[in-house]
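Please look over the sequence and the model below before reading on.

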Amino acid sequence: MTGMVYNIKKGNKGITLVEIVVSMLILAIIIVPLLSAFVAAGKANHTVRSNSYARIAGESIVESVKILGVEGTALEFYKDIDEEGGDAFLMAAECSGFGENIPEGGHPSVVETDGIHAFFAQDSGQYEYRITGIRQGTGVYDAILKIQRATYLNDYQYADLSAFASDKTALINPALQNSDYDYRALQYFKQLNEKHLYAKYVEQREIIESENGKKWSQYYEALDKYNEEIEKGNEAVKPALPDTKPIPEKEPPLADEYIKSNIRKTLDITIDEKMEDGENHFIINSTMTYECDNTSRQFAAAEDTIVKKYSGYCNNQKYADIRSLLVLYSPFAGVDALNLETVNIEKNTAGEIDAYIIVQSDSDEDFSGSALNVNVTTPAIDKIKLFSQARLAVTPATITHEQKLIHNMDGSDDTLYNIDVEVYEDGGTFGKLITSIKSTFVDR
(Lines give C-alpha, C1' and ligand atoms only; values in the text may rest on other atoms or scores of the structure.)
Protein backbone atom coordinates (compact mmCIF):
# COMPACT_ATOMS: atom_id res chain seq x y z
CA MET A 1 0.00 0.00 0.00
CA THR A 2 2.84 2.28 0.90
CA GLY A 3 4.69 1.51 -2.33
CA MET A 4 1.59 2.40 -4.36
CA VAL A 5 1.43 5.87 -2.80
CA TYR A 6 5.12 6.34 -3.48
CA ASN A 7 4.74 5.49 -7.15
CA ILE A 8 1.87 7.98 -7.62
CA LYS A 9 3.79 10.84 -6.10
CA LYS A 10 6.81 9.95 -8.08
CA GLY A 11 4.87 10.15 -11.37
CA ASN A 12 3.51 13.72 -10.62
CA LYS A 13 6.13 15.91 -12.33
CA GLY A 14 4.07 19.25 -12.28
CA ILE A 15 3.55 21.81 -15.12
CA THR A 16 6.55 22.77 -17.14
CA LEU A 17 7.44 26.27 -18.32
CA VAL A 18 6.85 25.24 -21.92
CA GLU A 19 3.30 24.17 -21.12
CA ILE A 20 2.61 27.51 -19.42
CA VAL A 21 3.89 29.47 -22.41
CA VAL A 22 1.84 27.38 -24.85
CA SER A 23 -1.29 27.87 -22.71
CA MET A 24 -0.77 31.61 -22.64
CA LEU A 25 -0.35 31.69 -26.42
CA ILE A 26 -3.56 29.74 -26.91
CA LEU A 27 -5.39 32.04 -24.50
CA ALA A 28 -4.07 35.10 -26.36
CA ILE A 29 -5.21 33.68 -29.67
CA ILE A 30 -8.73 33.27 -28.24
CA ILE A 31 -8.97 36.55 -26.27
CA VAL A 32 -7.69 38.97 -28.95
CA PRO A 33 -10.51 38.24 -31.44
CA LEU A 34 -13.04 38.33 -28.62
CA LEU A 35 -11.78 41.71 -27.48
CA SER A 36 -11.91 42.96 -31.07
CA ALA A 37 -15.47 41.68 -31.37
CA PHE A 38 -16.45 43.45 -28.14
CA VAL A 39 -14.87 46.68 -29.35
CA ALA A 40 -16.58 46.41 -32.76
CA ALA A 41 -19.91 45.64 -31.10
CA GLY A 42 -19.47 48.62 -28.81
CA LYS A 43 -18.72 50.91 -31.75
CA ALA A 44 -21.68 49.55 -33.72
CA ASN A 45 -23.98 50.02 -30.73
CA HIS A 46 -22.72 53.56 -30.28
CA THR A 47 -23.28 54.30 -33.99
CA VAL A 48 -26.80 52.90 -33.93
CA ARG A 49 -27.64 54.85 -30.76
CA SER A 50 -26.09 58.01 -32.20
CA ASN A 51 -28.02 57.64 -35.46
CA SER A 52 -31.21 57.05 -33.50
CA TYR A 53 -30.70 60.21 -31.45
CA ALA A 54 -29.85 62.14 -34.64
CA ARG A 55 -33.10 60.93 -36.20
CA ILE A 56 -35.07 61.99 -33.14
CA ALA A 57 -33.45 65.43 -33.25
CA GLY A 58 -34.33 65.82 -36.94
CA GLU A 59 -37.92 64.70 -36.40
CA SER A 60 -38.26 67.18 -33.53
CA ILE A 61 -37.19 69.99 -35.86
CA VAL A 62 -39.70 68.89 -38.52
CA GLU A 63 -42.55 68.77 -35.98
CA SER A 64 -41.54 72.18 -34.63
CA VAL A 65 -41.77 73.72 -38.11
CA LYS A 66 -45.19 72.15 -38.66
CA ILE A 67 -46.40 73.64 -35.38
CA LEU A 68 -44.93 77.12 -35.87
CA GLY A 69 -45.23 77.49 -39.65
CA VAL A 70 -42.79 79.49 -41.77
CA GLU A 71 -43.30 82.81 -40.03
CA GLY A 72 -43.17 81.38 -36.52
CA THR A 73 -40.05 79.36 -37.33
CA ALA A 74 -38.31 82.42 -38.78
CA LEU A 75 -39.14 84.51 -35.70
CA GLU A 76 -37.76 81.81 -33.40
CA PHE A 77 -34.44 81.81 -35.25
CA TYR A 78 -34.07 85.55 -34.60
CA LYS A 79 -34.70 85.27 -30.88
CA ASP A 80 -31.93 85.07 -28.34
CA ILE A 81 -31.78 81.59 -26.85
CA ASP A 82 -31.82 83.06 -23.38
CA GLU A 83 -34.68 85.41 -24.26
CA GLU A 84 -37.92 84.70 -22.47
CA GLY A 85 -40.14 82.64 -24.72
CA GLY A 86 -37.19 81.68 -26.90
CA ASP A 87 -37.77 77.99 -26.26
CA ALA A 88 -41.04 77.94 -28.24
CA PHE A 89 -38.98 76.33 -30.98
CA LEU A 90 -38.57 72.84 -29.56
CA MET A 91 -34.83 72.65 -30.18
CA ALA A 92 -34.05 76.14 -28.87
CA ALA A 93 -33.55 75.11 -25.24
CA GLU A 94 -31.23 72.24 -26.26
CA CYS A 95 -28.79 73.85 -28.70
CA SER A 96 -25.88 76.28 -28.51
CA GLY A 97 -26.79 78.53 -31.42
CA PHE A 98 -28.74 78.99 -34.63
CA GLY A 99 -29.11 81.47 -37.46
CA GLU A 100 -30.28 82.00 -41.00
CA ASN A 101 -28.27 81.30 -44.14
CA ILE A 102 -29.65 84.02 -46.43
CA PRO A 103 -30.17 82.85 -50.03
CA GLU A 104 -28.43 84.66 -52.90
CA GLY A 105 -30.36 87.82 -53.74
CA GLY A 106 -32.41 87.44 -50.59
CA HIS A 107 -32.60 89.22 -47.24
CA PRO A 108 -33.04 88.33 -43.59
CA SER A 109 -36.47 86.77 -43.19
CA VAL A 110 -37.04 88.76 -39.98
CA VAL A 111 -36.58 92.51 -39.71
CA GLU A 112 -36.24 94.29 -36.37
CA THR A 113 -37.75 97.77 -36.05
CA ASP A 114 -37.72 99.58 -32.69
CA GLY A 115 -37.02 96.29 -30.93
CA ILE A 116 -39.95 94.54 -32.59
CA HIS A 117 -39.28 91.56 -34.85
CA ALA A 118 -41.46 91.24 -37.96
CA PHE A 119 -41.47 88.45 -40.54
CA PHE A 120 -40.41 89.45 -44.07
CA ALA A 121 -41.07 86.66 -46.58
CA GLN A 122 -38.40 85.69 -49.10
CA ASP A 123 -39.43 86.31 -52.71
CA SER A 124 -37.93 82.96 -53.67
CA GLY A 125 -39.94 81.15 -51.01
CA GLN A 126 -36.72 79.50 -49.79
CA TYR A 127 -35.43 79.57 -46.21
CA GLU A 128 -32.36 77.92 -44.73
CA TYR A 129 -31.42 77.85 -41.04
CA ARG A 130 -28.45 76.26 -39.29
CA ILE A 131 -28.58 74.89 -35.76
CA THR A 132 -25.45 73.92 -33.80
CA GLY A 133 -24.89 72.01 -30.60
CA ILE A 134 -28.21 70.17 -30.52
CA ARG A 135 -28.28 67.89 -27.48
CA GLN A 136 -30.36 64.77 -27.90
CA GLY A 137 -29.89 61.82 -25.57
CA THR A 138 -26.16 61.28 -25.14
CA GLY A 139 -25.28 62.89 -28.48
CA VAL A 140 -24.59 66.39 -29.77
CA TYR A 141 -25.42 67.31 -33.38
CA ASP A 142 -25.64 70.12 -35.89
CA ALA A 143 -28.52 70.48 -38.35
CA ILE A 144 -29.49 72.36 -41.50
CA LEU A 145 -33.17 73.18 -41.92
CA LYS A 146 -34.44 74.03 -45.41
CA ILE A 147 -37.99 75.22 -46.09
CA GLN A 148 -39.13 75.75 -49.66
CA ARG A 149 -42.46 76.84 -51.05
CA ALA A 150 -43.76 74.21 -53.48
CA THR A 151 -44.02 75.43 -57.06
CA TYR A 152 -47.33 74.19 -58.44
CA LEU A 153 -50.70 75.59 -59.38
CA ASN A 154 -52.77 75.28 -56.24
CA ASP A 155 -56.27 74.92 -57.69
CA TYR A 156 -57.68 72.19 -55.46
CA GLN A 157 -61.42 72.53 -54.96
CA TYR A 158 -63.43 70.95 -52.18
CA ALA A 159 -66.55 71.26 -50.07
CA ASP A 160 -65.86 73.13 -46.87
CA LEU A 161 -68.21 71.36 -44.44
CA SER A 162 -67.47 73.91 -41.71
CA ALA A 163 -69.60 76.39 -43.69
CA PHE A 164 -72.74 74.42 -42.86
CA ALA A 165 -74.60 74.27 -39.56
CA SER A 166 -74.57 70.59 -38.64
CA ASP A 167 -77.96 70.73 -36.94
CA LYS A 168 -79.63 72.30 -39.99
CA THR A 169 -77.80 70.52 -42.83
CA ALA A 170 -78.96 67.24 -44.32
CA LEU A 171 -76.08 65.23 -45.75
CA ILE A 172 -76.63 62.81 -48.65
CA ASN A 173 -73.53 60.63 -48.97
CA PRO A 174 -73.60 56.91 -49.81
CA ALA A 175 -70.10 56.48 -48.40
CA LEU A 176 -71.30 57.26 -44.87
CA GLN A 177 -72.36 53.66 -44.31
CA ASN A 178 -69.70 52.12 -46.55
CA SER A 179 -72.25 51.62 -49.34
CA ASP A 180 -70.43 51.92 -52.63
CA TYR A 181 -73.49 51.49 -54.82
CA ASP A 182 -71.62 52.32 -58.04
CA TYR A 183 -69.33 49.36 -57.46
CA ARG A 184 -72.16 47.09 -56.38
CA ALA A 185 -74.27 48.03 -59.41
CA LEU A 186 -71.37 47.40 -61.78
CA GLN A 187 -70.76 43.97 -60.23
CA TYR A 188 -74.49 43.20 -60.46
CA PHE A 189 -74.66 43.93 -64.19
CA LYS A 190 -71.37 42.13 -64.79
CA GLN A 191 -72.84 39.01 -63.20
CA LEU A 192 -75.99 39.37 -65.30
CA ASN A 193 -73.85 39.57 -68.43
CA GLU A 194 -71.81 36.52 -67.46
CA LYS A 195 -74.94 34.50 -66.59
CA HIS A 196 -76.59 35.53 -69.84
CA LEU A 197 -73.52 34.53 -71.88
CA TYR A 198 -73.33 31.21 -70.07
CA ALA A 199 -77.03 30.56 -70.66
CA LYS A 200 -76.56 31.34 -74.38
CA TYR A 201 -73.58 29.01 -74.48
CA VAL A 202 -75.52 26.16 -72.83
CA GLU A 203 -78.51 26.69 -75.13
CA GLN A 204 -76.34 26.72 -78.29
CA ARG A 205 -74.41 23.69 -77.06
CA GLU A 206 -77.61 21.72 -76.42
CA ILE A 207 -78.99 22.59 -79.88
CA ILE A 208 -75.75 21.57 -81.64
CA GLU A 209 -75.39 18.43 -79.54
CA SER A 210 -78.97 17.52 -80.40
CA GLU A 211 -78.37 18.09 -84.13
CA ASN A 212 -75.10 16.17 -83.99
CA GLY A 213 -76.82 13.38 -82.08
CA LYS A 214 -79.44 13.00 -84.83
CA LYS A 215 -76.75 12.87 -87.49
CA TRP A 216 -74.84 10.19 -85.57
CA SER A 217 -78.05 8.18 -85.10
CA GLN A 218 -78.70 8.35 -88.82
CA TYR A 219 -75.10 7.34 -89.50
CA TYR A 220 -75.22 4.30 -87.21
CA GLU A 221 -78.58 3.29 -88.68
CA ALA A 222 -77.11 3.44 -92.22
CA LEU A 223 -73.98 1.64 -90.99
CA ASP A 224 -76.09 -1.23 -89.61
CA LYS A 225 -77.86 -1.62 -92.98
CA TYR A 226 -74.51 -1.56 -94.74
CA ASN A 227 -73.16 -4.33 -92.52
CA GLU A 228 -76.29 -6.42 -93.08
CA GLU A 229 -75.86 -6.20 -96.85
CA ILE A 230 -72.19 -7.13 -96.63
CA GLU A 231 -73.02 -10.17 -94.48
CA LYS A 232 -75.54 -11.30 -97.14
CA GLY A 233 -72.81 -11.00 -99.75
CA ASN A 234 -74.44 -8.06 -101.44
CA GLU A 235 -72.60 -5.02 -102.63
CA ALA A 236 -73.21 -1.84 -100.61
CA VAL A 237 -71.79 1.64 -100.19
CA LYS A 238 -70.39 2.35 -96.76
CA PRO A 239 -71.91 5.55 -95.28
CA ALA A 240 -69.64 8.54 -94.73
CA LEU A 241 -69.05 9.94 -91.26
CA PRO A 242 -71.59 12.61 -90.33
CA ASP A 243 -70.75 16.28 -90.91
CA THR A 244 -71.18 17.52 -87.32
CA LYS A 245 -70.86 21.06 -85.99
CA PRO A 246 -68.21 21.95 -83.38
CA ILE A 247 -69.31 23.17 -79.94
CA PRO A 248 -68.79 26.98 -79.86
CA GLU A 249 -66.67 28.64 -77.20
CA LYS A 250 -68.26 30.92 -74.62
CA GLU A 251 -68.26 34.61 -75.50
CA PRO A 252 -65.93 36.77 -73.40
CA PRO A 253 -67.70 38.99 -70.82
CA LEU A 254 -68.16 42.70 -71.51
CA ALA A 255 -65.53 45.14 -70.29
CA ASP A 256 -66.37 47.35 -67.30
CA GLU A 257 -66.21 50.56 -69.32
CA TYR A 258 -68.61 49.18 -71.93
CA ILE A 259 -71.08 48.16 -69.22
CA LYS A 260 -70.84 51.63 -67.66
CA SER A 261 -71.69 53.21 -71.00
CA ASN A 262 -75.00 51.28 -71.02
CA ILE A 263 -76.08 52.43 -67.54
CA ARG A 264 -77.95 55.54 -66.51
CA LYS A 265 -77.83 56.52 -62.84
CA THR A 266 -80.55 58.43 -60.96
CA LEU A 267 -80.49 59.75 -57.41
CA ASP A 268 -83.96 60.46 -55.95
CA ILE A 269 -84.19 62.68 -52.86
CA THR A 270 -87.42 63.48 -51.02
CA ILE A 271 -87.77 66.08 -48.27
CA ASP A 272 -90.96 65.78 -46.21
CA GLU A 273 -92.31 67.46 -43.12
CA LYS A 274 -94.28 65.60 -40.46
CA MET A 275 -95.69 66.23 -36.98
CA GLU A 276 -94.88 63.51 -34.45
CA ASP A 277 -95.64 63.72 -30.72
CA GLY A 278 -96.32 67.41 -31.03
CA GLU A 279 -92.97 68.12 -32.67
CA ASN A 280 -92.26 69.02 -36.27
CA HIS A 281 -89.73 66.84 -38.10
CA PHE A 282 -88.07 67.07 -41.50
CA ILE A 283 -87.57 63.64 -43.04
CA ILE A 284 -85.05 62.82 -45.78
CA ASN A 285 -85.21 59.72 -47.97
CA SER A 286 -83.05 58.85 -50.95
CA THR A 287 -82.80 56.06 -53.49
CA MET A 288 -80.13 55.24 -56.06
CA THR A 289 -81.43 53.69 -59.29
CA TYR A 290 -79.37 52.16 -62.10
CA GLU A 291 -81.06 51.52 -65.45
CA CYS A 292 -79.17 49.34 -67.90
CA ASP A 293 -79.93 49.45 -71.64
CA ASN A 294 -80.52 45.85 -72.73
CA THR A 295 -81.95 46.39 -76.22
CA SER A 296 -78.95 44.53 -77.64
CA ARG A 297 -79.75 41.60 -75.30
CA GLN A 298 -76.39 41.47 -73.57
CA PHE A 299 -77.65 41.13 -70.01
CA ALA A 300 -80.89 39.15 -70.28
CA ALA A 301 -83.03 37.46 -72.90
CA ALA A 302 -86.14 39.65 -72.78
CA GLU A 303 -86.25 43.04 -70.96
CA ASP A 304 -85.22 46.13 -72.89
CA THR A 305 -84.23 47.87 -69.64
CA ILE A 306 -82.99 46.27 -66.42
CA VAL A 307 -83.45 48.29 -63.23
CA LYS A 308 -81.47 47.92 -60.02
CA LYS A 309 -82.33 50.07 -56.98
CA TYR A 310 -80.46 50.70 -53.76
CA SER A 311 -81.68 52.55 -50.69
CA GLY A 312 -80.80 52.73 -47.05
CA TYR A 313 -77.84 55.09 -46.79
CA CYS A 314 -80.33 57.91 -46.20
CA ASN A 315 -83.58 56.27 -45.24
CA ASN A 316 -86.11 58.05 -42.99
CA GLN A 317 -83.49 60.42 -41.59
CA LYS A 318 -85.09 62.94 -39.21
CA TYR A 319 -84.00 66.53 -38.62
CA ALA A 320 -85.45 69.20 -36.34
CA ASP A 321 -84.80 71.79 -39.04
CA ILE A 322 -83.24 71.89 -42.51
CA ARG A 323 -81.78 74.94 -44.19
CA SER A 324 -79.13 73.27 -46.35
CA LEU A 325 -78.98 70.06 -48.33
CA LEU A 326 -75.45 68.83 -49.04
CA VAL A 327 -75.28 66.12 -51.72
CA LEU A 328 -71.88 64.47 -52.29
CA TYR A 329 -72.48 62.98 -55.72
CA SER A 330 -70.07 60.54 -57.34
CA PRO A 331 -70.65 60.23 -61.12
CA PHE A 332 -70.92 56.67 -62.35
CA ALA A 333 -69.44 57.17 -65.82
CA GLY A 334 -67.23 60.19 -65.07
CA VAL A 335 -67.73 63.94 -65.37
CA ASP A 336 -67.63 63.78 -69.17
CA ALA A 337 -70.87 61.77 -69.13
CA LEU A 338 -72.83 63.71 -66.51
CA ASN A 339 -75.64 64.14 -69.04
CA LEU A 340 -76.38 60.42 -68.57
CA GLU A 341 -77.08 60.92 -64.87
CA THR A 342 -79.93 62.58 -63.00
CA VAL A 343 -80.65 63.96 -59.54
CA ASN A 344 -84.34 64.33 -58.64
CA ILE A 345 -85.24 66.48 -55.63
CA GLU A 346 -88.81 66.44 -54.35
CA LYS A 347 -89.30 69.09 -51.68
CA ASN A 348 -92.60 68.89 -49.80
CA THR A 349 -91.74 71.37 -47.05
CA ALA A 350 -92.21 75.05 -46.34
CA GLY A 351 -89.30 77.46 -46.11
CA GLU A 352 -86.18 78.02 -48.13
CA ILE A 353 -83.48 75.42 -48.69
CA ASP A 354 -80.11 75.76 -50.39
CA ALA A 355 -79.07 72.52 -52.10
CA TYR A 356 -75.37 72.03 -52.77
CA ILE A 357 -74.52 69.22 -55.21
CA ILE A 358 -70.82 68.51 -54.95
CA VAL A 359 -69.67 66.29 -57.81
CA GLN A 360 -66.86 64.11 -56.46
CA SER A 361 -63.83 63.92 -58.75
CA ASP A 362 -60.13 64.65 -59.02
CA SER A 363 -59.03 68.23 -58.40
CA ASP A 364 -57.96 68.75 -62.00
CA GLU A 365 -61.30 67.74 -63.56
CA ASP A 366 -62.86 70.20 -66.00
CA PHE A 367 -66.55 70.78 -65.23
CA SER A 368 -67.23 72.91 -68.29
CA GLY A 369 -68.35 69.88 -70.30
CA SER A 370 -71.60 67.94 -69.97
CA ALA A 371 -74.20 69.03 -67.42
CA LEU A 372 -75.80 66.98 -64.65
CA ASN A 373 -79.58 66.70 -65.03
CA VAL A 374 -81.42 68.02 -61.98
CA ASN A 375 -85.21 67.86 -61.72
CA VAL A 376 -86.91 69.72 -58.90
CA THR A 377 -90.46 69.22 -57.69
CA THR A 378 -91.69 71.75 -55.12
CA PRO A 379 -94.83 73.81 -54.43
CA ALA A 380 -94.74 77.29 -55.90
CA ILE A 381 -94.71 78.88 -52.45
CA ASP A 382 -91.50 77.07 -51.50
CA LYS A 383 -88.05 78.13 -52.54
CA ILE A 384 -84.99 76.06 -53.33
CA LYS A 385 -81.67 77.27 -54.69
CA LEU A 386 -79.13 74.98 -56.33
CA PHE A 387 -75.36 75.32 -56.24
CA SER A 388 -72.62 73.11 -57.74
CA GLN A 389 -69.09 73.37 -59.11
CA ALA A 390 -70.37 71.31 -62.07
CA ARG A 391 -72.78 72.48 -64.75
CA LEU A 392 -76.44 71.72 -64.05
CA ALA A 393 -79.31 71.25 -66.50
CA VAL A 394 -82.22 72.19 -64.21
CA THR A 395 -85.90 71.52 -64.73
CA PRO A 396 -87.97 73.65 -64.35
CA ALA A 397 -85.91 76.55 -65.63
CA THR A 398 -87.42 78.86 -62.99
CA ILE A 399 -85.35 77.20 -60.26
CA THR A 400 -82.38 79.39 -59.36
CA HIS A 401 -79.06 77.65 -59.82
CA GLU A 402 -75.44 78.74 -59.89
CA GLN A 403 -72.24 77.05 -60.96
CA LYS A 404 -69.86 77.97 -58.20
CA LEU A 405 -67.45 76.35 -55.81
CA ILE A 406 -68.11 75.68 -52.18
CA HIS A 407 -64.46 76.44 -51.49
CA ASN A 408 -61.50 77.11 -53.73
CA MET A 409 -57.87 76.89 -52.59
CA ASP A 410 -56.75 79.06 -55.50
CA GLY A 411 -55.78 82.50 -54.22
CA SER A 412 -56.11 81.54 -50.57
CA ASP A 413 -53.45 81.98 -47.89
CA ASP A 414 -52.84 78.23 -47.67
CA THR A 415 -49.49 77.32 -49.22
CA LEU A 416 -47.68 74.01 -49.41
CA TYR A 417 -44.06 73.90 -48.23
CA ASN A 418 -41.38 71.22 -48.39
CA ILE A 419 -39.25 70.61 -45.29
CA ASP A 420 -35.73 69.15 -45.55
CA VAL A 421 -33.71 68.56 -42.36
CA GLU A 422 -30.10 67.30 -42.50
CA VAL A 423 -28.45 66.22 -39.23
CA TYR A 424 -24.62 66.26 -38.99
CA GLU A 425 -21.98 65.42 -36.45
CA ASP A 426 -21.31 68.19 -33.96
CA GLY A 427 -18.53 70.69 -34.68
CA GLY A 428 -20.03 73.50 -36.72
CA THR A 429 -18.52 72.32 -40.00
CA PHE A 430 -21.57 70.41 -41.25
CA GLY A 431 -19.18 67.91 -42.79
CA LYS A 432 -20.39 64.41 -41.93
CA LEU A 433 -24.08 63.80 -42.65
CA ILE A 434 -25.77 61.31 -40.29
CA THR A 435 -29.38 61.35 -41.47
CA SER A 436 -31.88 63.44 -43.42
CA ILE A 437 -35.65 63.81 -43.14
CA LYS A 438 -38.09 65.18 -45.69
CA SER A 439 -41.69 66.21 -45.13
CA THR A 440 -44.34 68.71 -46.24
CA PHE A 441 -46.85 70.94 -44.51
CA VAL A 442 -49.58 73.46 -45.36
CA ASP A 443 -48.89 76.88 -43.85
CA ARG A 444 -52.02 78.87 -42.99
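**From the whole chain to single residues**

Of the 444 residues in the protein chain, 34% are buried. The model is a predicted one. The chain contains 4 helices and 19 strands. Its accessible surface is about 26,800 Å², and carbon and sulfur atoms account for 51% of that area.

Strand β4 (residues 126-136) pairs with β5 in the antiparallel sense, over 9 bridges. Here I134 has Y141 in β5 as its bridge partner. On the next step, strand β5 (residues 139-149) is joined by 9 bridges to strand β18 (residues 415-425), and the two run antiparallel. In this pair K146 is opposite D420 in β18. A further 10 bridges join β18 to strand β19 (residues 433-443), again antiparallel. Y417 has its bridge partner, F441, in β19.

The loop between β18 and β19 holds F430. Most residues other than glycine have a negative phi. F430 counts as buried because its relative accessibility is 14%, under the 20% cut-off.

A second open sheet also has 5 strands, in the order β6-β11-β13-β15-β17, but its pairing is parallel. Its edge strands are β6 (169-172) and β17 (401-403), each of which pairs on one side only. Neighbouring strands in this sheet are turned against each other by 15° on average, with direction ignored. Within the sheet, strand β13 (residues 352-359) and strand β15 (residues 383-388) make a parallel pair with 5 bridges. I353 is opposite I384 in β15.

Strand β14 (residues 372-377) contains N373. Which residues does N373 touch, leaving aside its neighbours within four places in sequence? They are L338, N339, E341, T342, V343 and A393. With one of them the side chain is involved: the side chain of N373 reaches the backbone oxygen of N339 at 2.8 Å. The C-alpha atoms of N373 and N344 are separated by 8.3 Å, while the two residues are 29 apart along the chain. Is N373 buried or partly exposed? N373 has a relative accessible area of 24%, so it counts as partly exposed.

The peptide bond joining T395 and P396 is cis, with omega about 0°. Most peptide bonds are trans. P396 lies in the loop between β16 (392-395) and β17. The other place is R297, a residue other than glycine whose phi is positive, near 55°. R297 belongs to the loop between β8 (279-293) and β9 (305-311). Its relative accessible area is 28%, so R297 is partly exposed.

The whole structure has 13 aromatic pairs. One of them is F119 with Y127: the ring centres are 6.1 Å apart and the planes are at 35°, so this pair is tilted. F119 is partly exposed, with a relative accessible area of 24%, whereas Y127 is buried at 3% relative accessibility. Y219 and Y220 form another pair, which is edge-to-face, with 5.3 Å from centre to centre and 65° between the planes. Y219 counts as buried because its relative accessibility is 11%, while Y220, at 44%, counts as partly exposed. Finally, Y181, Y290, Y310 and F332 form one aromatic cluster.

Terms used
Residues numbered from 1 in each chain as written. Predicted model: local features only at pLDDT ≥ 70, side-chain atom pairs only at ≥ 80, totals over all residues. Heavy atoms only, no water. Pairing = 2+ DSSP bridges. Buried < 20%, exposed > 50% of the residue type's maximum accessible area, 1.4 Å probe, protein only. Areas by Shrake-Rupley, 256 points an atom, 1.4 Å probe, with all protein chains shown as cover. Axes fitted to C-alpha atoms, helices over the stretch in contact; angles between N-to-C directions. Contact = heavy atoms within 4.5 Å. Polar contact = N/O pair within 3.5 Å; in protein donor to acceptor, adjacent residues only side chain to side chain. Phe/Tyr/Trp six-rings, centres within 6.5 Å; stacked < 30°, edge-to-face > 60°.
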